[in-house]
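Colleague: Hi! Could you walk me through this one?
Modeller: Happy to, here it comes.

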Amino acid sequence: MKKYKYEQIHINKLIGAKSENHRNIIDEYAKKGYRYVGFIPTNMNDYGKFKDIDLIFEADV
């Protein structure tokens, strides 16, 4: 059986700005035995830009 955790990320950068915060979060979950499996946009602006996403992590139970 699999166990899933979700980490919400708020994207508040200007267009074209680079963010590396997600890498730290993925590394932290990997240390806990989780595997990064993808992301789901949870909030978008009127122009289709992601404002919030959930990073999805999986581990064996």
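Colleague: What is the strand order in the open sheet?
Modeller: The order is E1-E3-E2, an open sheet of 3 strands with antiparallel pairing. Strands are DSSP runs of E with at least two residues, helices are H or I runs of at least four, and both are numbered from the N terminus. Two strands pair if DSSP finds at least two bridges between them. Bear in mind that this is a predicted model: local features need pLDDT of at least 70, side-chain atom pairs count only at pLDDT 80 or more, and totals for chains, interfaces and linings use all residues. Residues are numbered from 1 along each chain as its sequence is written, and side-chain values use heavy atoms, leaving out hydrogens and water.

Colleague: How many bridges join E1 to E3?
Modeller: There are 9, and E3 covers residues 50-60. Within that pairing, Gln-8 stands opposite Asp-54 in E3.

Colleague: And which strands does helix H1 touch?
Modeller: H1 (residues 21-31) packs on the sheet and touches E1, E2 and E3. Its direction makes about 15° with that of E3; axes are lines fitted to C-alpha atoms, for helices over the stretch in contact, with angles from 0 to 180 degrees between N-to-C directions.

Colleague: New topic: where does Lys-3 lie?
Modeller: Lys-3 lies in strand E1.

Colleague: Which residues is Lys-3 in contact with, beyond four places in sequence?
Modeller: Tyr-34, Phe-57, Glu-58, Ala-59 and Val-61, where contact means heavy atoms within 4.5 Å.
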